[in-house]
Amino acid sequence: MQVQLSQKEQMLLKDLKGHEELCVEKYSKYAKEAECANLSQMFQNLASREQQHYNTISQIMTGQVPSMNQGQGQQGQGQQAQGMQQQGQGMQGQSGSQGMSGMQSQGSNNYSQKDFNMLSDMLATEKYVSGTYDTSIFEFVDPNLRQVLNHIQKEEQEHGEEIFNYMHSHGMYPIQ
């Protein structure tokens with residue numbers, strides 16, 4: 001199915017594509033720099049899922065409406081569940097520290113400040129990208145494209161949840 005995109009839709013897609021490209025680059029870079037092996041794996045998985053988003057946005061930019069059955073979602077959720085099981089087994093039984101954003105560890109977890117900074121950066125990035133999708137969805141005329149963008153936004157929220165859960169389980173983001 002081919003769709004004609006308005007100038008505004010094209011502009012929004014260009015922005016979204018740039019955001020997805022940045023996410024892929026950051027997650028890939030952070031996967032190499034992470035001190036925790038489980039965190040490195042999580043970042044690699046997220047980079048792969050962001051690459052799928054990039055490819056989907058690129059496809060939309062050519063006027064195509066992507067099929068919702070391209071493996072996004074189900075595959076990502078399986079990787080997310082597996083990753084969270086592995087992450088819960090990581091760095092436990094050590095003392096806490098405080099990060100630049102004022103989130104202070106409560107309890108007995110210790111973590112690398114470098115890993116904390118990367119996680120904080122990616123959580124903020126995911127929040128921003130999700131918000132950008134939220135705004136963009138309302139600007140698209142074609143309901144099928146709105147559905148595709150809504151699907152990606154939901155996955156961006158899941159990425160943020162995965163990062164939050166990792167941080168929380170490692171004492172980086174206590175709930176008070």
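In this predicted model, helices α4 and α5 cross with left-handed geometry. Helix α4 spans residues 113-137, and its axis lies 9 Å from that of α5, at an angle of about 160 degrees. Angles over 145 degrees count as roughly antiparallel, so α4 is roughly antiparallel to α5. By class, the residues that form the contact of α4 with α5 comprise 13 nonpolar, seven polar and four charged.

Helix α5 (residues 143-169) also packs against helix α2 (residues 37-61). The crossing of α2 and α5 is likewise left-handed. Here the axes are 11 Å apart and the angle is about 170 degrees, and therefore α2 is roughly antiparallel to α5. On the α2 side, the contact is made by Leu39, Met42, Leu46, Arg49, Glu50, His53, Thr56, Ile57 and Ile60. Helix α5 contributes Leu145, Val148, Leu149, Ile152, Glu155, Glu156, His159, Glu162, Ile163 and Tyr166. Classified by residue type, this contact holds 11 nonpolar, three polar and five charged residues.

The geometry of the two pairs is set out below.

| Helix pair | Angle between axes | Distance between axes |
|---|---|---|
| α4 and α5 | about 160 degrees | 9 Å |
| α2 and α5 | about 170 degrees | 11 Å |

A residue of helix α1 may be considered next. Histidine 19 lies in α1, which covers residues 7-33. Its relative accessibility is 18%; because the limit for a buried residue is under 20%, histidine 19 counts as buried. When neighbours within four places in sequence are set aside, histidine 19 is in contact with Tyr128, Val129 and Thr132.

The chain as a whole contains five helices and zero strands, in the order α-α-α-α-α from the N terminus. It has 176 residues, of which 46% count as buried. Among contacts with a sequence separation of 6 or more, 70% involve residues 24 or more positions apart. The accessible surface of the chain amounts to about 8900 Å², and carbon and sulfur atoms account for 48% of this area.

How values were computed: Residues numbered from 1 in each chain as written. Predicted model: local features only at pLDDT ≥ 70, side-chain atom pairs only at ≥ 80, totals over all residues. Heavy atoms only, no water. Helix = DSSP H or I, 4+ residues; strand = E, 2+ residues; numbered from the N terminus. Buried < 20%, exposed > 50% of the residue type's maximum accessible area, 1.4 Å probe, protein only. Contact = heavy atoms within 4.5 Å. Areas by Shrake-Rupley, 256 points an atom, 1.4 Å probe, with all protein chains shown as cover. Axes fitted to C-alpha atoms, helices over the stretch in contact; angles between N-to-C directions. Parallel < 35°, antiparallel > 145°, perpendicular 65-115°, else oblique. Left-handed = near helix turned anticlockwise from the far one by under 90°. Nonpolar A, V, L, I, M, F, W, Y, C, P; charged D, E, K, R; others polar.
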